[in-house]
Amino acid sequence: MKTNYLTQGMVKKNYRCSFLGHRFVETKKINIHFSEYECEICKSQATNDSRGHKITLTSKLKDINETLFYLNLKKQFITKFYFQKKEQ
């Protein structure tokens, strides 16, 4: 599977980002492994791949992240309300 890393196929929208690098800010925490990021300067979006590197955020990856986010919410809800520790 070919991944599209930020340095390979990205069109440089701002010279500052091309010379000094992006200033990524975390916009959405998917789970403990994945997050979505956005550059403060050029507004390009990125996410983590399976190795932990930042890659450009495509519509397919956005759908995958959304599904992972809702699965994580469901897991947290089930563990919080159905598997509580019983006090004695």
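Predicted model: local features only at pLDDT ≥ 70, side-chain atom pairs only at ≥ 80, totals over all residues.
Which residue of strand 3 does E36 stand opposite? Residues are numbered from 1 along each chain as its sequence is written, and side-chain values rest on heavy atoms, with hydrogens and water left out. The residue that stands opposite E36 is T47 in strand 3.

The secondary structure of the protein comprises three helices and four strands, where helices (H or I, at least four residues) and strands (E, at least two) are DSSP runs numbered from the N terminus. In order from the N terminus, these elements follow the pattern α-α-β-β-β-β-α. The mean pLDDT of the protein, that is, the predictor's confidence in each residue on a scale from 0 to 100, is 82, and 78% of the residues score at least 70. Confidence is lowest in helix 1 (residues 6-9), with a mean of 50, and highest in strand 2 (residues 35-39), with a mean of 94.

The four strands form an open sheet in the order 1-2-3-4 with antiparallel pairing, two strands being taken as paired if DSSP finds at least two bridges between them. Strand 1 (24-29) and strand 4 (54-56) are the edge strands, each pairing on one side only, and neighbouring strands of this sheet are turned by 35° against each other on average, with direction ignored; the axes are lines fitted to C-alpha atoms, for helices over the stretch in contact, and angles run from 0 to 180 degrees between N-to-C directions. Three bridges join strand 2 to strand 3 (residues 45-48), and these two strands form a hairpin with five residues between them, in whose turn K43 has a positive phi of about 65°. Strand 3 and strand 4 likewise pair in the antiparallel sense over three bridges, with N48 standing opposite K54 in strand 4; their hairpin also has five residues between the strands, and G52 in the turn has a positive phi of about 100°.

K62 is partly exposed at 37% relative accessibility, on a scale (1.4 Å probe, protein chains only) in which buried means under 20% relative accessible area, exposed over 50%, and partly exposed in between. Buried residues make up 23% of the 88 residues in the protein.

Two aromatic pairs were found, defined by ring centres of Phe, Tyr and Trp (its six-membered ring) within 6.5 Å, with planes under 30 degrees apart counted as stacked, over 60 as edge-to-face and the rest as tilted. One of them, F69 with Y70, is edge-to-face, at 5.5 Å centre to centre and 70° between the planes. F69, partly exposed with a relative accessible area of 23%, also has K28 over its face at 4.6 Å from the ring centre, and the charged end of K54 sits over the ring of Y37, 4.5 Å from its centre; such an arrangement requires NZ of Lys or CZ of Arg within 6 Å of the ring centre and within 35 degrees of the ring normal.

With a disulfide defined as a pair of cysteine sulfur atoms within 2.5 Å, the count is zero. C17 is in no disulfide, the nearest cysteine sulfur, that of C39, being 3.6 Å away, and C17 is buried at 6% relative accessibility. The sulfur of C42 is 3.7 Å from the closest cysteine sulfur, in C39, which is too far for a bond, and C42 is buried at 11%.
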